[in-house]
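Here are some notes to read beside the model, written for someone meeting this structure for the first time. Please keep the 3D view open as you go through the points.

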Amino acid sequence: MTTEQLISFARGAPSLDIVDVEGLKAAAVRAFEADPAGITAYGTSVGYPPLRKWIADKHGVSVDQVLVTNGSLQADAFLFDYLVQSGDAVVVERPTYDRTLLNLRNKGGQVHQVTIQPDGVDTDELRKLLESGVRPKLAHIIPNYQNPAGVTLSLEKRRALLDLAGEYGFTIFEDDPYADIRFRGEALPSMLSMDDKGVVVHASSFTKTVCPGVRVGYLVGPATLIAGIAKRATNLYISPGMVAQAIVHEFCVSGDIDRSIQTVSTALGERASLLATALREHIPGVRFTEPDGGYFLWIELPEGVSADKVFTAAAERGVAVVKGSDFLLEGGEGALRLAFSAVTVDQIEEGVRRLAAAVEAVRG
Ligand SMILES: Cc1ncc(COP(=O)(O)O)c(C=O)c1O
């Protein structure tokens, strides 16, 4: 093991220098001053009412369509518990967020992975799957700056997915924590905002725009579904953490959130660009699609190089990456996910040099 400082391309979380700690401290003081009774009580399972309202306004929906949770992973878990029974078919992207795969498999879901292309999930492949008789309960889609592939679902494909969901009667689960972290191009409308059939349930989070430690995420969907999930949430934990939600609410209404999004997007845009340049320079034969936003870059290693072996060789050289195979039911042996969110600018070049040395060592 190296004595050098570990450089982590593994963590999908913002580095401390881009978290607005002072803004959060001030928001906490304002939250306790503004509503001491509200935030020190249990509260309600649908979340801190003023934050629930803020989220409803952001998405142009009514408040009874919003449930605020302890992070969006909990929103995912609630939805899976509510909709998916053991043996049900579900569609996810290939590759997809590893915890989604794990949670759906733990629920006993029959998971079908549909290929991701540079403009998002392959909707022709999905149509063929549906035509073959598979009837999924839901399709889990990460539309913007996908984790782990970094790609964005095109407008055309958003429309195609909505049509397929209407035609075949499944829920689109739009898992969208990265939407606001855009450093290039135009924002595309969410499928939630395009949906006129009530087939979309949307989740998002303050993890990637504020910080993960607040553990505040949310679900937006049809009011009946939200009410059903809220009932289960009451039985599970009475209510989510009101203090954290009130802090996030103050952070949002003061406009600090907009500055935070700007800070994170600018920093990550710079890091992504430096990472891409360093990869091209130091690892000949590596292939990737440069993301327009988000936290991740997915690389295909040069032909014949094992990602498993590179993972170990990289760890020995003090650089952490995630194996591509973690995001697939099978395959991915030649791919790695690199997060550029937790590394600072001065670590990127050195991190890629170490990774390049690991690739060389594996190539022999
Ligand atoms: C696609 C996706 N969904 C959900 C989550 C969970 O985020 P949270 O911290 O809001 O629970 C992540 C975190 O990396 C993610 O990438």
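Where is the place of Thr96? Thr96 is found in the loop between β3 (89–94) and α5. Before going further, please note that this is a predicted model, in which local features need pLDDT of at least 70 and side-chain atom pairs count only at pLDDT 80 or more, while totals for chains, interfaces and linings use all residues. Residues are numbered from 1 along each chain as its sequence is written, and side-chain values use heavy atoms, with hydrogens and water left out.

1. Thr96 counts as buried, at 0% relative accessibility. Here buried means under 20% relative accessible area, exposed means over 50%, and partly exposed is in between (1.4 Å probe, protein chains only). Leaving aside neighbours within four places in sequence, Thr96 is in contact with Leu101, Gln113, His140, Ile142, Gln146, Asn147, Pro148 and Phe327. Contact means heavy atoms within 4.5 Å.

2. **Thr100, in helix α5.** Thr100 belongs to helix α5 (residues 98–106). Its relative accessible area is 1%, so Thr100 is buried. With neighbours within four places in sequence set aside, the contacts of Thr100 are Asp76, Phe80, Val92, His140 and Asp175. You will find His140 in the contact list of Thr96 too.

3. **Tyr145.** This residue sits in the loop between β6 (138–141) and α7 (155–168). Is Tyr145 buried or exposed? Tyr145 is buried, with 4% relative accessible area. Not counting residues up to four places away in sequence, Tyr145 touches Gly150, Val151, Thr152, Tyr178, Ala179, Ile181, Arg182, Asp292, Gly293 and Gly294.

4. **Leu219, in strand β9.** Leu219 lies in strand β9 and is buried, with a relative accessible area of 0%. Residues up to four places away in sequence aside, Leu219 touches Gln65, Val66, Leu67, Ala75, Leu79, Phe173, Val201, His202, Ala203, Ile226 and Ile229.

5. **Aromatic pairs.** A pair of aromatic rings is described by the distance of the centres and the angle of the planes. Rings of Phe, Tyr and Trp (its six-membered ring) pair if their centres lie within 6.5 Å; planes under 30 degrees apart count as stacked, over 60 as edge-to-face and the rest as tilted. By this rule there are nine aromatic pairs. One of them is the tilted pair of Trp54 and Phe206, at 6.2 Å centre to centre and 45° between the planes. This pair links distant parts of the chain, with Trp54 in helix α3 (residues 49–59) and Phe206 in the loop between β8 (200–205) and β9 (217–220), 152 residues apart. Trp54 is partly exposed at 23% relative accessible area, whereas Phe206 is buried at 4%. Ring pairs also join Trp54, Phe206 and Tyr218 into a cluster.

6. **Charges over rings.** A charge sits over a ring if NZ of Lys or CZ of Arg is within 6 Å of the ring centre and within 35 degrees of the ring normal. Lys208 lies over the face of Tyr295, 5.1 Å from the ring centre. Likewise, the charged end of Lys323 is over the ring of Phe311, at 4.8 Å from its centre.

7. **Helices α4 and α9.** Helix α4 (residues 72–83) packs against helix α9 (residues 223–237) at an angle of about 110°, and their axes are 10 Å apart. Axes are lines fitted to C-alpha atoms, for helices over the stretch in contact, and angles run from 0 to 180 degrees between N-to-C directions. The angle makes α4 roughly perpendicular to α9, a term for 65 to 115 degrees; under 35 counts as roughly parallel, over 145 as roughly antiparallel and the rest as oblique. Among the residues making the contact are Phe78 and Leu79 of α4 and Gly228 and Ile229 of α9.

Notes. Helices (H or I, at least four residues) and strands (E, at least two) are DSSP runs, numbered from the N terminus.
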